[in-house]
Every structure is written in C-alpha cells, then in structure tokens.
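This report goes through selected helices, helix pairs and aromatic contacts of one model. The sequence and structure come first.

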Amino acid sequence: MRHGIHFFDCSVFMKAIQDFTAVIKEDPTNAQARLYRGRAYFKQRQYRNAIQDLAAAVHLDPSCWLAFYYRGCILRQTDPKKALQDFSVSVLINDTKENIYSFLHRGIVYSEQCEWSLAICDFESVLALDSSVIFAYLNTGLILLLHLDQYYEAIQQFTNVIEIDPLNVRAYVCRAQAYHKNHDLLNAVKDINRAIHLYPDKSQLYIIRGQYLVELKKDELASLCIQQFAEMDEEYFMSQPVQQALIQSFCQNHDKAIECLYEATAIKPEPSPLVILGKIQMKANKTKDAVRSFKKAVNLLMSSAKILPKTFETAEIYYLTGVCYMEQKSLLRARDAFSMAIKLHSRYPDAFYQRGLCRMQLRKAKCIQDFSRALALCPSHFQAYMALATYYGSQGRYFQAILNCSEAIKIIPNSVQAYFYRGILKCQNKTFKAAIEDLSEVIDLNATCVLAYYNRAVCYHQIKDFRKALKDYGIILLLELSEEIAFKVLINRGLLYMELGDYANACEDFKEATLLSPDDSQIFQALGICYYRIHEFEDAVRSFDQVLKLDPVSVDAYIGRGNSYMENGDEAGCKQAQKDFLRAIHLNPKCIKARVCLAYNLQVLGKFQRAWNQFTVAIFMDPKCLAAYDGRASVCLQMGETFAAFLDTNAALKLATTAPLLTNRGFINHLMGHLTCAMKDYQQAISVDPNYALAYFNAANIYFQNRQFSQAYCYYSKVLQLDPRNESAIMNRAVTNTLLNNTEEAKEDFEKAICLCPFSAAVYFNRANFYNGLKQYELAEKDISTALSIQPNDALMYKFRADIRGKLGFNKEAVEDYKQAISIQDQ
C-alpha cells in the first residue's frame, strides 16, 4: 500500500494502479486502496474504471469525502445532477478549506445550469475559506455582469482579482466591460489600455478599445485603433473585404465600408455580402440604397422555380426591407415586407413586433394581435410590452397600459424608458403619488432626465406639494435644456407662484419667459396681473399696453389696464380707466367683469346712479354675480338707501356665505340700529373665517358701544394678532385700556398708534384725554396742541385745551382758546 502511495505521489500512475490492484486482490474491502486506484484511473483519464473504484470506496466508507469529490468531477459533463449530489455530500462531510474544490466545482455546475444565485453562494463559500482564489472572484463577477445586470457589484469582484494579481488580463477586460455596461466609458478605456499594455499582441483588445472610443466620440483615436489592428494582421485584413467593411463601419466610416462591399459584390455577387451591404447602408441612413441591395440578395436566393427558401436568413432580408420602408414612412410597403418575413419564418418575434408598429401607425386594431404573438414567441420582448403600453395609452386604457409597462420593467428592471412612460400613464390616470414614485425612479437611474423632473414637478403641483414642485422646476432650469422646455418650466413655475400668492417671484419668471417668447400676449397678460398684485401699477400698465399691441381686441387686457389706472388714485387715472372699461364693454357687451369694474369706477367718481345702473345690468345678465350684488349694496349705502343695501347683501349671501359678505350685512344692521343682528352676523363671519380681522374689529366696536370693555379689549387684541398694523384697532384698544384702567398697556398702544399714524389728530386727541384722566396735564396739553397743529379748525379741541390750560393755571391762554372755540363755532 505504501509502495503504491509513493508511486501515486510521484505521478507514476500505472505502477501505482498495479500496486493498489494487488492490495485489492488480497483485501477487496480496502476502501483506501479503492480510493487511490480510482484517483489514479482519474489521472489516466480512464473514467469508467475510476467511477467503479470510487463507487466501491463510497460503499465501503460512506464518510470518504474525497471519493464523492472525484466522482463528482468525472460526472460533471455527463450527469450534472448526480455530480451536484456528490459535491453536496462531499461538502456535507467536510466543509473545511481542505475540501474547497468541492464548493468551487459545484459553483461551476450551478453556473452551467443557470442557477446564478446558488453558484454565487458556492463561490462566496470558497472565498470565505480562502480569500485568494481568483477563479471564484472572476466567476462571481461574470455572473453579476452577464446575467444579473449588477454592474457595480461585478466591478468590485474584478477589482478584488486585480488587487490579488495585478497582471491578470482577463480581470481588466471583464472590468472594462462592466464599466462599459455602467456607462463609465473613461474607466472602461483605462482598463482596456492596461490589458493592451500587458498583452500588446492580442488584436481583439484593439477592436474593443476602438468601440469604446467611438462611443466617447473620439473618432480619430478609434480609427487609430483599427489601423493598429489592421497592421497587426494586414494580410488577413486586406484579403477579407467583408471583414474590412465591417471594421470600417464599426469606425463609423460607412462610406468606405459601402465602397469596399460594392467592389466585392460587383466581382462576385452573393446574398450574404449584399445583406451586409444593406445593413451598412441602413446605418448610413441610405435606406433606398439598402432596399435595392436587399432586393438583389432576394433575387440571388430565388431558385429557378421562382420559390424563396423558407429560412431565417431569407426572412431577415424581408424584415430589414420592412425596417427601411418604416424609415421612409411607407407603412403599407413595410407591413407587406414584415408579412412576407413572417410567411417565410413563422416564429420571428421581431417581425411580428414591427408589423404591429406599422398597423398601430395605420390605426389598425390588429396591431394588438401582432404584439401578443411577438410576446408568445419571445416572452422577454421588452419593446413589444412597451408598444402595447403605447397603444393602450393612446386609447385612454391606462390600467392595461400600466400593466404592460410593469411587465417590461420585470424584463429590464433599470429601464428609464419603462419607468418614465409608466409614470406618465399614472399621471394621465390622475394617480399622481404613484406617478411621482416612478418618475423618482427615473431620476435615480438618470439624474439629468429633464422630462422626468418636469413631469414630477407637475405631479407635485397637482397634489399641492408646492415646495417640492418648485424644487424640481429649479433643478430643471439648472440643467442643459431646450428653449421650448425652459419656456414651459418658467410658465408653470410662474403660475405656481401665483397660486401661492408670491407674485414677485411669479413676475420674475414671466419676465424671463417674455424674452423666450416676445410675441405671446398671454405671458404679458399674466405679467401685468403680477405687477398689479405687487402694487407696481405703472409696470402693470406697460405690460397691458404690450398685450394690446399684440392683441388689440383683448378684453382682459383692457380690464387689467383699467384696474391699474384706478389704483393711481387720481381723477385722471380714473377717467383713463373708464375709457378702458368702456372699450372692453364695446368689444364684448356681455362681459360681466368689465361692467362691474366700470360700476366701481363710476362709484369712485361719485356718479352713484350710473354706477347703480351698471351693477343692475350686470345682475340682469348674470343673476348669480356676487360682485355685482356686493357693489350695488355699497352704492346703495353711499346713496343713503340702507334697506336696499341690506336686500342686495342678503341676495349675495344666498349665493355664497363668505366672511366679507356677513361682515357687510352686520355693518348695515349696525347702521340700522339692529345691534343684536349685527353682532350675530359678525360672529357668523368669524365662524366662517376665523382669520377675518374686520369681523373682529366691528364686533369689538359693538362691545365698546355697549360698554363691554373686557370683550372689546379681547376682540381688538385678536384684530392686532391678525393685522398688527391696523391703526384703528390699536387706537381703539388704547381707549379701551384707558377705560379699563390698564394704564401701561394704554400708553404702549398710544405709542404704537402714533408710530403708525404720526399725522392723525384723533390719536393725539385721545392720548391727551388719557393724560388728562391721569392728571398729567402738561403731557395732555402737549398732545392736544399737536392735534390742533394737524387739525387747526376744531372747536371741540380748542375747548379741551382751554380746560387743560385752566387746570395748569394758564388762565390767559385758556381764555384765548375758549374765544377761538366760540369763533369757530359761530362760523
């Protein structure tokens, strides 16, 4: 036995076999002898004898992991299932580093059976036992690269190989391919350069580098690579015109490739070179020439009986002819060509798909049958699913379209096209949150996809997530984009700012949009509205002027310009506004908005009856016009027709219950002395809109009038929370605090009131009263004097100052003030 083991270790296998045979004759149950002889037979490639001995060894010693391992190695090609069992038993018995090759071989078998996850598990087990096994890294990387599309992880595996063996050419080539798949062309070129540096005689590497350089649009460097390849094997290169043409085409030198093939086919016309010629002509966008080349190929293939051979090659010629017709927009010819391809080869999924596209463009419902047939023949036909999605989407059948996009995503999980189109379909289907998820996935895959950002912003706008919508619009404007998209983004963002009430930013967007489209009157209209809202009325007028230059019959522009003139506050502006409102009515006599604006204009000019008439006409034209009822009510008040105003306000409230209308009715009730009804209206207005300050203010005035000072104080305070610069509320609260003996708070309120209205005589008069009550006569005299300097012809204030001066002992001055008061009163 020892003699045989010695020969086995020295690789003298025949003598080792003789020795082990002698041992087995003496002791047929010697498992070790069976194992060694089986291994020796394995080394001598006598696999049948080896399997018999290894089977006997396993039978005699079921724990012999080596026997299982070697039998598995022999059965790998002939019986993979049995080999997997043997490797599995071997690692079950011994899962240490000693048995590392069982894991390795089992991983290889799993790879051959396309069990990728199981193969990776075994290769990872190998690396866990010995992290320096290059083969395991390479195989894991290749599976991730070629079958699982996990390019980043594949790059890491090949990097591990290079760290262990920096001269491993295969690792550099594989990593270059992974970088290429991951669209990192610069690193791909670097790795191919390293591989060429290590193996400069390997001509295929130059072709790969040329391909990457073409994609990087470095055509000169790519051509140099091809020249290097040609020089390395010049004789072969020149003797093969087809190969030469393919390489020239690869380098985007289509004209040279076509010229080369023309010469070849002229000397010896054959179908195959003609088909290649046609394909290159298609790449060069010479589809008419390509069709002629394909027709020549068909004529050569046709037998003497004028019958075409029913082969895939023949069908492909018709298929390519159909693609050419598609490019030429000859849809009927294209459909016939694809039908011929299907007739020659009935299991041609791409032909069914392309015929489906033809029929879809021809608006034929049969396109669905073609797409379905393509999928039946090739269930992983990504484009067929996308075409079905497009068809269903065009028909408004969004649910079916979304389902087909989902199937396409299962085939290519990282497809930007599929995620983007599914997002658009969900947007069309009004499921905006789901659309946002898909569009976000597109952005994760392609961070510069302008359309994904744009449509996601639209979705955010629809669900009222304005902050995110603005963020997406902002990102789009930072990217490189066409003027058309930039224009749409500026318009959308401007409208969004208007919806948010941020008219200043909306104004900036619309101004920029006018530079991109200076003849679009609608943009100037929106710009004018923004200027009006931010109280830049002169700019608003200029914007509306521009609208009217572009569109002289724009009713909205006349109304907008009229309102802007009105805000100037002078009589000339009001008259100019009146002209614009009249022009608007002349252009469209049924324009309610123009009539209401004209009525308000007449009201401002004091022409109440004419204003009343215009409001009445507006109500006659539209009995549900709130603004007309409200405006006529205000005119009636000014004309002293309180009850008529009450009726109009009630009519408006029947149309819509709003806080301003309820407050208006409350004010009318207040004027008519119906304080309880007025308070009820104010409270209802507050319940409708808890942030409507005027309702609180009017309610506070009633409380004050009823001497309910605590309630009045609370309501004035609420007004000032909502409108801190309301000088009337501050002054009234100051007076209320005075009556409540809140001295310090009253002082603060009077100070605030004077800061807001430094030229209001009433504020100084009231503070003088306050100081008088505190017996601070000097301060009171100072304030009442200030009030008189602002309003010098007020008899009451002269009398009040006379009283204060009398208290100060200034009798002479007091008498003069009394005389002045009497004089003013007599006048």
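## Helix α43

The buried residues of α43 are covered by elements that include α41 (675–688), α42 (693–705) and α44 (727–739). The model is predicted: local features need pLDDT of at least 70, side-chain atom pairs count only at pLDDT 80 or more, and totals for chains, interfaces and linings use all residues. Residues are numbered from 1 along each chain as its sequence is written, and side-chain values use heavy atoms, with hydrogens and water left out.

Helices are DSSP runs (H or I, at least four residues), numbered from the N terminus. Helix α43 spans residues 709–722, which is 14 residues. From first C-alpha to last it reaches 20 Å, close to the 20 Å expected at 1.5 Å a residue; the expected span is 1.5 Å times one less than the number of residues. Phe709, Ala712, Tyr715, Tyr716, Ser717, Val719 and Leu720 of α43 are buried (under 20% relative accessible area, with exposed over 50% and partly exposed in between; 1.4 Å probe, protein chains only).

## Helix α36

Helix α36 (residues 592–604) has 13 residues and a reach of 19 Å between its first and last C-alpha, close to the expected 18 Å. Ten of the 13 residues of α36 are buried, so this helix is largely enclosed by the rest of the structure. Among them are Ile592, Ala594, Arg595, Val596 and Cys597. The buried residues pack against α34 (555–566), α35 (571–587), α37 (608–621) and α38 (626–638). Just after α36, Gly606 has a positive phi of about 85°.

## Helix pairs

Two packed helices are described by the angle between their axes and the distance between the axes. Axes here are lines fitted to C-alpha atoms, for helices over the stretch in contact, and angles run from 0 to 180 degrees between N-to-C directions. The axes of α27 (residues 432–445) and α28 (residues 450–462) come within 9 Å and cross at roughly 155°. α27 and α28 are therefore roughly antiparallel (angles over 145 degrees; under 35 is roughly parallel, 65 to 115 roughly perpendicular and the rest oblique). The contact (heavy atoms within 4.5 Å) involves residues including Phe432, Ile436 and Leu439 of α27 and Tyr453, Arg456 and Tyr460 of α28.

α28 also pairs with α30 (residues 483–500): their axes come within 12 Å and cross at roughly 20°. These two helices, α28 and α30, are therefore roughly parallel. Val450, Leu451, Tyr454, Val458 and His461 of α28 make the contact with Ile485, Lys488, Val489, Asn492, Leu496 and Glu499 of α30.

## Aromatic pairs

Rings of Phe, Tyr and Trp (its six-membered ring) pair if their centres lie within 6.5 Å; planes under 30 degrees apart count as stacked, over 60 as edge-to-face and the rest as tilted. The count comes to 16 aromatic pairs. In one of them, the rings of Tyr319 and Phe338 have centres 5.8 Å apart and planes at 55°, so the pair is tilted. This pair links distant parts of the chain, with Tyr319 in α20 (residues 312–327) and Phe338 in α21 (residues 331–344), 19 residues apart. Tyr319 is buried at a relative accessible area of 13%, and Phe338 is buried at 0%.

The rings of Tyr600 and Phe615 have centres 5.1 Å apart and planes at 80°, so the pair is edge-to-face. Tyr600 lies in α36 and Phe615 in α37, 15 residues apart. Tyr600 counts as partly exposed at 30% relative accessibility, whereas Phe615 counts as buried at 0%.
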